[in-house]
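Thanks for coming. I will talk through one structure, starting with charged pairs and ending with the nonpolar parts.

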Amino acid sequence: MDLHLKIWRQKDRQSEGKFEQYDLKDLNSHMSFLEMLDTLNEKLILEGKEPVEFDHDCREGICGQCGMMINGLAHGPLKNTTTCQLHLRSFEDGETLTIEPFRAEAFPVKKDLKVDRSSLDRIIASGGFVSVNTGQAPDARSIAITHQLAEEAFDSAACIGCGACVATCKNASAALFTSAKVTHMALLPQGKEERSERVIKMVTQMDEELFGHCSNTEACEVECPQGISVLNIARMNYEYSRALFFRKK
């Protein structure tokens, strides 16, 4: 199959970027999207041109590094799928693909499709550590919790921090990401000791990173490759209000 590509090229965060166009022919429809970009880069290198910079690591939908906008959609057209799990069979022969980096003030472009998402790391770091002694592996079952609670905590912990929720939100909000991290620890017994301090610190850090407020459109859940529920945002708002109430006491 043949594809026409419009790819955002930008030297660094201080430079102005622009779309550049490329044609690839005789591609295998079973190739992954990132393999297609690898093929393009091999072609550019052989032509003596600068290859396209993009983030990737595991290529198994786990690390969250490969985020980019494809035809205006975070990670592309498939639901609950990261860019690295996307294959060319999801597109039509001869189709034009517009590929650009995640857009957000808190995600400055480093080069081409590569953005700096360390703001998400700083939100996590602001939450601190749990003070309880978690012990060794056999001790993990020493505090009994219900299966439903374990599943709810795991659903929140499934967030891979790719930033798709930020990129697809019209306000560039990190509410879904932050709420997933807050909820994960707030639900488990080991995380309850610092639950009030944690949520205040993480929400404060989120605001300091210049993320916008939640738009309530639920676009974040739609584009999330892990299907993280917006109910986490409701939980975070509850935890934050609770923390402020007891702080005043």
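This is a predicted model: local features need pLDDT of at least 70, side-chain atom pairs count only at pLDDT 80 or more; totals for chains, interfaces and linings use all residues.

Lys-49 joins them in a network of salt bridges.

In the whole structure, the search gives 14 salt bridges. Take Asp-112 and Arg-9, whose side chains meet at 3.1 Å, N to O. They sit 103 residues apart in the chain: Arg-9 in strand S1, Asp-112 in the loop between strands S6 and S7. Both residues are buried.

Another pair is Glu-209 with Arg-122, where the closest N and O atoms are 2.7 Å apart. This one also links distant parts of the chain, from the loop between H6 and helix H7 to helix H2, 87 residues apart. Here Glu-209 is buried, with a relative accessible area of 12%, while Arg-122 is partly exposed at 39%.

Now the nonpolar side. The largest nonpolar core has 37 residues, and Phe-107, Val-166, Leu-176 and Phe-211 touch the most other members. Helices H2, H4, H5, H6 and H8 each supply at least two residues of this core. Leaving out residues up to four places away in sequence, Phe-211 touches Phe-107, Ile-123, Val-166 and Met-206, among others. A separate core of 26 residues includes Trp-8, Phe-33, Leu-40 and Ile-70.

How values were computed: Residues are numbered from 1 along each chain as its sequence is written. Side-chain values use heavy atoms; hydrogens and water are left out. A nonpolar core is a set of buried Ala, Val, Leu, Ile, Met, Phe, Trp, Tyr and Cys residues joined through side-chain atoms within 4.5 Å. Buried means under 20% relative accessible area, exposed over 50%, partly exposed in between (1.4 Å probe, protein chains only). Helices (H or I, at least four residues) and strands (E, at least two) are DSSP runs, numbered from the N terminus. Contact means heavy atoms within 4.5 Å. A salt bridge is a side-chain nitrogen of Lys or Arg within 4 Å of a carboxyl oxygen of Asp or Glu.
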